[in-house]
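Subject: Structure handover

Hi,

Here is the structure for your files. My notes follow below it.

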Amino acid sequence: MIPQFAPMVRLLALAALGVVVLTGCQTYQQQNKAAGTWKSGAFAAAAREYGEKADKNEGGKDAVIWRLEEATALRAAGDYSNSIVAFSRAARLIDDYDEKAKVSVSRETGALLSNQANLPYGSREYDKVMLSTYQAFNYLQLGEVDKARPEVIRAYRRQQEAVEANKRRIEKENGEIAAASSDKKQEYESVEKAKQDPAVTTGLKNQYAQVELLKGYADYVNPFSVFLDGFYFLQFAGDSSDLERSRKSFERLVGLSGDNKYTRADIELAEKYARGEPVQPRTYVVFETGCAPKRNQFRLDIPIFFVSDGNLPYVGAAFPTLEFDRDYVRSLSVEHGGTAETTVLVSSMDSVVGQAFQNELPSIITKTLLSTTIKATASYFANKSVGRQNDLAGLLMKVATSAFQIAVNIADTRTWTTLPKEFQYCSFPTGAGGSITIRTSNGQQAPLALEPNSTNLIFVKSVSPAAPLLVQHIKLK
């Protein structure tokens with residue numbers, strides 16, 4: 001080795017190693033080892049694994065997402081008290097992020113030199129809505145009706161705020177991209193050309209074709225949270241205004257999820273309550289099935305338009321994409337008193353998550369292209385400069401810059417994976433009979449004793465056809 005280049009070689013080797021150690025090359029999905037435990041239906045074990053991850057990442061960039069996973073797993077394990085604690089911790093982190101951790105332009109530009117996964121995960125709008133929704137049901141399942149009310153209201157408010165929040169996000173991201181493009185003009189011009197490249201446009205179109213087919217709900221609404229609103233203010237109405245709110249929520253649910261006899265029955269109940277007529281108690285069965293879409297990544301070669309020597313280089317860019325759960329139980333039936341009810345779809349999380357993803361996609365593509373181009377440009381000129389001085393040093397510089405690109409060229413695949421694919425429900429009058437049988441479309445069944453002549457709420461969860469059926473039952477009144 002040439003003596004004068006020895007310090008440089010050592011420095012480059014250490015730099016390459018440091019980049020790999022500090023940034024890592026694992027996506028969130030690769031880190032999420034507890035996903036297999038969750039998918040098997042071992043909820044208590046999954047809660048422990050997610051709790052360990054959340055504790056380890058306390059104060060880190062992924063603190064929110066691990067805490068949401070932990071809280072959901074604790075809820076499925078029947079540990080509602082600790083689920084409330086975990087959701088509350090996630091909510092505080094989210095509120096703190098919203099208030100004071102608005103990502104600055106300089107911080108975002110720094111992420112462009114690494115990757116978007118290195119930014120703090122502050123939550124998506126549907127995360128906030130589902131957090132409050134699950135929290136409300138946690139309190140109901142503990143019999144703490146009054147504590148559920150603020151969460152129901154919060155879930156509604158967060159849906160109302162989602163449109164404006166999305167508008168602010170787009171404006172902010174456009175500002176960040178504009179700031180980065182003015183600082184990195186050559187790279188930004190290369191990105192604009194890359195967007196018009198036939199191979200790039202075709203590759204992106206093929207990868208996102210399935211996502212583009214999804215139809216979201218109006219104004220970023222989650223119909224299951226609308227169901228919660230109608231259900232809560234029907235069952236625990238304090239006055240006529242609560243009953244009117246319940247009726248309107250169920251009517252809104254019809255517009256979102258379609259007409260069915262169960263939602264119509266709830267609308268009639270609200271009207272009867274308002275008129276002071278006697279009402280027979282009902283039993284509600286909420287079915288959570290499958291797993292919500294998860295984010296994964298794909299790589300696409302993109303051209304870099306900055307070379308003047310006629311050799312157009314290509315570099316691999318990592319883009320996020322959605323993967324949908326295909327292995328899930330399609331429906332649930334409930335046999336009672338010689339008849340049977342079949343659950344109907346209330347909310348598709350494929351649509352909820354897919355809509356959020358589509359809204360983010362334009363800026364995701366631009367940021368990914370810009371980030372990849374900035375790193376490729378820096379590497380190209382560093383390699384060229386050092387290579388002119390010494391062949392060995394040039395070779396080692398290529399090794400170092402390649403290690404850097406490998407370490408940081410990953411997509412942001414963080415997403416709340418313990419949410420279900422679908423929420424379904426059915427309901428029926430609770431008579432004097434005290435037993436029902438729950439059956440799934442794949443042959444699983446579970447007998448259950450009810451509280452006669454009472455309002456019952458039953459949660460049934462199936463994360464996969466191979467996992468055991470989870471049934472949680474509470475008497476509301």
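How many aromatic pairs does the count come to by the rule used here? The rule first: rings of Phe, Tyr and Trp (its six-membered ring) pair if their centres lie within 6.5 Å, with planes under 30 degrees apart called stacked, over 60 edge-to-face and the rest tilted. The count comes to 21 aromatic pairs.

Before the details, some ground rules. This is a predicted model, where local features need pLDDT of at least 70, side-chain atom pairs count only at pLDDT 80 or more, and totals for chains, interfaces and linings use all residues. Residues are numbered from 1 along each chain as its sequence is written, and side-chain values use heavy atoms, with hydrogens and water left out.

**Aromatic pairs**

Phe 137 and Phe 224 are stacked, because their ring centres are 5.6 Å apart and their planes stand at 25°. Phe 137 belongs to helix H8 (residues 125-141) and Phe 224 to helix H12 (residues 223-235), so the pair ties together parts 87 residues apart in sequence. Helices (H or I, at least four residues) and strands (E, at least two) are DSSP runs, numbered from the N terminus. Phe 137 is buried at a relative accessible area of 0%. Phe 224 is buried too, at 1%. Buried means under 20% relative accessible area, exposed over 50%, partly exposed in between (1.4 Å probe, protein chains only).

Tyr 208 and Phe 298 make an edge-to-face pair, 5.7 Å centre to centre with 70° between the planes. Tyr 208 sits in helix H11 (residues 198-213) and Phe 298 in strand S2 (residues 294-303), 90 residues apart. Tyr 208 is buried at 1%. Phe 298 is buried at 9%.

**Charges over rings**

The test: NZ of Lys or CZ of Arg within 6 Å of the ring centre and within 35 degrees of the ring normal. Arg 245 has its charged end over the ring of Tyr 156, 4.8 Å from the centre. Arg 330 lies over the face of Tyr 328, 3.9 Å from the ring centre.

**Sheet**

An open sheet holds 4 strands in the order S5-S4-S8-S9, with antiparallel pairing. Two strands pair if DSSP finds at least two bridges between them. Strands S5 (339-342) and S9 (445-449) stand at the edges with a single partner strand each, so one side of each has no neighbour in the sheet. Strands S4 (residues 332-336) and S8 (residues 435-440) run antiparallel and are joined by 4 bridges. Leu 332 has Thr 440 in S8 as its bridge partner.

Best wishes
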